[in-house]
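Student: I would like to go through this model with you, step by step.

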Amino acid sequence: MTRTPVNVTVTGAAGQIGYALLFRIASGHLLGADVPVKLRLLEIPQGVKAAEGTAMELDDCAFPLLKGIDIFDDPNKGFEGANIGLLVGARPRGPGMERGDLLAANGGIFKPQGEAIAAHAADDVKILVVGNPANTNALIAQSAAKGVPAERFTAMTRLDHNRALTQLAKKTGSSVTDIKRLTIWGNHSATQYPDIFQAQIAGKNAAEIVNDEAWLADDFIPTVAKRGAAIIDARGASSAASAANAAIDHVYTWVNGTAEGDWTSMGVPSDGSYGVPEGLISSFPVTCKDGKYEIVQGLEINDFSRTRIDASVRELSEERDAVRELGLI
Ligand code: NAD
Ligand code: LMR
């Protein structure tokens, strides 16, 4: 039986993450090796020509699963029929820009995109926001998408999750595949909290194996939380291939499920779990099954974790208050 292609809209398609992302979507890594896709690339007018160049290269790969590429500079057209939306394009922080300026500039992008998603996307649309500040941009888009269930809007903390897996594997001499149940809590920012207290390495508690709170507090947590800045410092540009890889992982897991006994980290609208105010888009441990995710319930949160989760959630509340004051939500 021939499957109907899945419409995947990618914003910021001509940017550096877009360039690392599109070829992997087209080759079947986003949804599965048997799922045909149609790409809908959304750019600002100045980005359209470069997106056309990328589309030419995509054509030149002759990907069997790629059933079409269209390029738009109008979100109403870009999101038409979208089953998956990857919101990558965002306004980067420029010299002298305050956090409020950045939130306002991004509100100008994510509010109309949320409205366009509500008006034109497919009923089953799933959204991943990558563009920073990802959690609050997701909140802006979600608030504007009247009639779309809030849980369809997610923000990316999978890159932080993957970063934490590798740091923990290196510390313990294990393989990333031995590690389960790691969690990123809170905001995709320097306040995020990578939590190993629930994690297991080959079935044993990770925090007990590490048994070194100073390493956790002074090395592991800051290394993971400040990795984005370290990469900008080293590369002179922000992470691109690893961010694209994490976006692929996020959507693949959301659609195809988490492994038995494991979970992943996603920024999702809070239902009040773990004291995170309802509606904030915060990172939680989630399991995925049949295209839906659920926040893992009943985890014991120790004082070390509580303080750190609360600090990151406080920052998210402040960002929400700032965009509320700007009339963006
Ligand atoms: P980039 O500057 O290379 O590309 C961004 C692209 O978005 C540009 O081509 C630009 O023309 C386009 N764009 C801007 N406004 C748009 C709009 N309204 N509609 C459609 N396209 C638009 O940036 P990049 O390196 O690809 O990064 C993109 C975003 O991802 C940044 O905000 C970055 O901070 C963020 N990021 C997030 C994570 C994460 O883990 N959540 C990781 C890395 C980067
Ligand atoms: C990352 O985590 O690599 C990025 O979010 C950093 C950034 O500011 O673009």
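**Ligands, domains and loops**

Tutor: The residues of the shell around ligand 1 divide into 14 nonpolar, 12 polar and 1 charged. Here Ala, Val, Leu, Ile, Met, Phe, Trp, Tyr, Cys and Pro count as nonpolar, Asp, Glu, Lys and Arg as charged, and the others, Gly among them, as polar. This is a predicted model in which local features need pLDDT of at least 70, side-chain atom pairs count only at pLDDT 80 or more, and totals for chains, interfaces and linings use all residues. Residues are numbered from 1 along each chain as its sequence is written, while chains are lettered from A and ligands numbered from 1 in the order in which they are written.

Student: Which residues come nearest to ligand 1?

Tutor: A residue is near a molecule or strand if its C-beta atom, placed from the backbone, lies within 6 Å of it. There are 27 residues around ligand 1, and those that come nearest are Gly12, Gly15, Ile17, Gly47 and Gly89.

Student: Which helix gives the largest share of the shell around ligand 1?

Tutor: Helices (H or I, at least four residues) and strands (E, at least two) are DSSP runs, numbered from the N terminus. The largest share of this shell is 3 residues, and they come from H1.

Student: How many residues of domain 1 are in contact with domain 2?

Tutor: Two residues are in contact if their C-beta atoms, placed from the backbone, lie within 7 Å. On the side of domain 2, 24 residues take part, and on the side of domain 1 the number is 27.

Student: Which element gives the most to the side of domain 1 that touches domain 2?

Tutor: The elements that give two or more residues to this side are helix H1 (16-26), strand E4 (84-87), strand E5 (126-129), helix H5 (134-144) and strand E6 (153-155). By class, this side of domain 1 has 17 nonpolar, 7 polar and 3 charged residues. The element that gives the most, with 6 residues, is H5.

Student: Which residues surround ligand 2?

Tutor: By class, the shell around ligand 2 has 3 nonpolar, 4 polar and no charged residues. Its members are Asn132, Leu159, Gly228, Ile231, Ser238, Ser239 and Ala243.

Student: What kind of peptide bond joins Asn132 and Pro133?

Tutor: Pro133 is found in the loop between E5 and H5. Omega for the bond that joins Asn132 and Pro133 is about -5°, and the bond is cis.

Student: Is Val148 buried, partly exposed or exposed?

Tutor: A residue is buried if 20 or more other C-beta atoms lie within 10 Å of its own, exposed if 12 or fewer, and partly exposed in between, with C-beta atoms placed from the backbone. Val148 sits in the loop between H5 and E6. Leaving out residues up to four places away in sequence, Val148 touches Ile117, Ala118 and Val125. Because Val148 has 19 other C-beta atoms within 10 Å, it is partly exposed.

Student: How far does H11 reach from its first C-alpha to its last?

Tutor: The expected span of a helix is 1.5 Å times one less than its number of residues. Helix H11 (residues 303-325) has 23 residues, and 33 Å is expected. The reach is close to that value, at 33 Å.

Student: What covers the buried residues of H11?

Tutor: The buried residues of H11 include Ser305, Ile309, Val313 and Leu316. Among the elements that cover the buried residues are helix H4 (99-120), H5, strand E8 (183-185), strand E9 (193-195) and strand E13 (281-289).

Student: Is Asp290 buried or exposed?

Tutor: Asp290 is placed in the loop between E13 and strand E14 (292-295). Asp290 is not a glycine, although its phi is positive, about 50°. Because 7 other C-beta atoms lie within 10 Å, Asp290 is exposed.

Student: What does UniProt list for residues 157-323?

Tutor: UniProt positions are given in the numbering used here, feature names are shortened, and annotations may be inferred rather than shown by experiment. Over residues 157-323 the chain is 47% helix and 19% strand. The UniProt record, an unreviewed entry, lists this span as "domain: Lactate/malate dehydrogenase C-terminal".
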